[in-house]
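Subject: A structure for you, with notes

Hi,

Here is the structure I promised to pass on.

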Amino acid sequence: MANASGLFNPTVPSVKRGFSPSIAIYRSGFLFSEVGSRRIVCSSTTQDAEKLSPSESRVSRLVSRGCKLVGCGSAVPSLHISNDDLSKIVDTNDEWISVRTGIRNRRILSRNESLTSLGTEAAKKALEMAKVDPDDVDLVLLCTSTPDDLFGGAPQIQKALGCKSNPLAYDITAACSGFVLGLVSAACHIRGGGFQNVLVIGADALSRYVDWTDRGSCILFGDAAGAVLVQACDIEEDGLFSFDLHSDGEGQRHLKANLKESKKDHELDTNGSLHGLLPKGSSYSCIEMNGKEVFRFAVRMVPQSIELALKKAGLTGSNIDWLLLHQANQRIIDAVATRLEVPSERVISNLANYGNTSAASIPLALDEAVRSGKVQTGHTIAAAGFGAGLTWGSAIIRWG
């Protein structure tokens, strides 16, 4: 098992008032910076700022940068599939699905739609809200496990946005935890690399890997894209208070879509000299999931992760305005909220309308909450993703 923690403020008096957070990146050999002070801690040493070497001074300037979420957007396919529609395909019904999962509808990519187009639409909306031109984007992070191209989809979204400066664009593959990892990665690029504007896009089309004859899994998933624009700011305006990230490969057996070989060999040369040597053609299997084990994993580990992140930020559940979890199952969302003592009116959920959209679920729900006026500038959100890998992680963020 591996875990990571950092970018946290050990003493946040109140997130609803102006403050100057300290930050740190642990387990990286990076640093701790005390804003408004002349002292910097690097590893376990303390030095006066005026005694720092040029390279150390450069690092301290970078670490004094904060990052904030300034724009969001989302996009969903046009094809709408209800529980009643599914009941015509497999032995199920609306009540059976909604009671066990909270899902009533989902959107599915049709044959003339692509994940790239969805991600591009969501990204454009985020840039419009943030009032940032595509040419001013420094980095595009596409969090997805289902790109249109095996080698990644982020560069294609960068192209579709018309970013003339050719900013770096790459994919992050972490299933339903992907968007949280994308947020943390964006913060690291801004704080440690001097980036100014980073697009974080969560987009998945798990419908491509669903067995539509399996009523245990086909009822769960939908397709969507969501995006946020993470922007550099003064440390006093910093909007990522803490994070907590984990992975455990032992749990892969409970949720997977493995590579499978074709039954047909490649065409051989005339004398058959390559027979048995070349790999067979391959593709990915449909999603295989042990629902009970994934449920147990989520209700046990997700609250622990959020509690750790809150502790690093010097907060408790009562300090947050909203709880925003990966939209996988309403029972999981309710169980985590109960554990954290967060009342239902402060829990964001749009699961009923879209199902489990994997890496898109958090930014999709966030975008709807922001545009409806539910989430407002200055609100603090505890967000958490969890899923295949197994991976899970949480981040305490402030909107705007």
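Let me start with the pocket. Helix H7 gives the most to the lining of the largest pocket, with four residues. Before I go on, two notes on the basis of all this. This is a predicted model, in which local features need pLDDT of at least 70 and side-chain atom pairs count only at pLDDT 80 or more, while totals for chains, interfaces and linings use all residues. Residues are numbered from 1 along each chain as its sequence is written, and side-chain values use heavy atoms, with hydrogens and water left out.

**The pocket**

The volume of the largest pocket is about 1200 Å³. A pocket here is an open set of points on a 1 Å grid over the protein atoms alone, where a 1.4 Å probe fits, with protein on both sides within 12 Å along at least five of seven lines; lining residues have an atom within 4 Å of a point. Grid points are joined across faces, edges and corners, and the volume is the space filled by probe spheres set on the points.

Its lining has 44 residues, and Leu206, Phe221, Leu255, Ile287 and Ala388 lie nearest the centre. Helix H3 (94–101), strand S14 (255–256), helix H7 (291–312), helix H8 (330–340) and strand S20 (380–387) each supply at least two lining residues. By type, the lining has 23 nonpolar, 15 polar and six charged residues. (Ala, Val, Leu, Ile, Met, Phe, Trp, Tyr, Cys and Pro count as nonpolar, Asp, Glu, Lys and Arg as charged, and the others, Gly among them, as polar.)

**The chain as a whole**

The protein chain has 10 helices and 21 strands; these are DSSP runs numbered from the N terminus, with helices (H or I) of at least four residues and strands (E) of at least two. Of its 400 residues, 52% are buried. Buried means under 20% relative accessible area, exposed means over 50%, and partly exposed is in between (1.4 Å probe, protein chains only). Among contacts between residues at least 6 apart in sequence, 75% join residues at least 24 apart, where contact means heavy atoms within 4.5 Å.

**Strands to look at**

Go to S21 (residues 391–398) next. Eight of its eight residues are buried, so this strand is largely enclosed by the rest of the structure. In a regular strand the side chains alternate between the two faces of the sheet. In S21, Thr391, Gly393, Ala395 and Ile397 point one way, and Trp392, Ser394, Ile396 and Arg398 the other.

S21 pairs with S13 (residues 240–247) in the antiparallel sense over seven bridges; pairing requires that DSSP finds at least two bridges between the strands. Phenylalanine 243 has alanine 395 of S21 as its bridge partner. S20 also runs antiparallel to S21, with eight bridges joining them, and threonine 380 stands opposite arginine 398.

The hairpin of S20 and S21 has three residues between the strands, and there glycine 389 takes a positive phi near 140 degrees. A cis peptide bond, with omega about -15 degrees, joins glycine 389 to leucine 390. Leucine 390 is in the loop between S20 and S21.

S6 (residues 65–75) is another one to view: 11 of its 11 residues are buried, so S6 is largely enclosed by the rest of the structure. It runs antiparallel to S12 (residues 223–234), with 10 bridges joining the two, and lysine 68 stands opposite glutamine 231.

**A few single residues**

What does glutamate 237 touch, leaving aside its neighbours within four places in sequence? It is in contact with Cys67, Lys68 and Arg398. Glutamate 237 is in the loop between S12 and S13 and is partly exposed, at 36% relative accessible area.

Isoleucine 333 is in helix H8 and counts as buried, at 1% relative accessibility. Not counting residues up to four places away in sequence, isoleucine 333 touches Leu325, His326, Gln327, Val347 and Ser349.

Most residues other than glycine have a negative phi, and most peptide bonds are trans. Alanine 175 has a positive phi, near 50 degrees, and is buried at 12% relative accessibility. Glutamate 341 also has a positive phi, of about 60 degrees, and is exposed at 67% relative accessibility.

Enjoy looking around!
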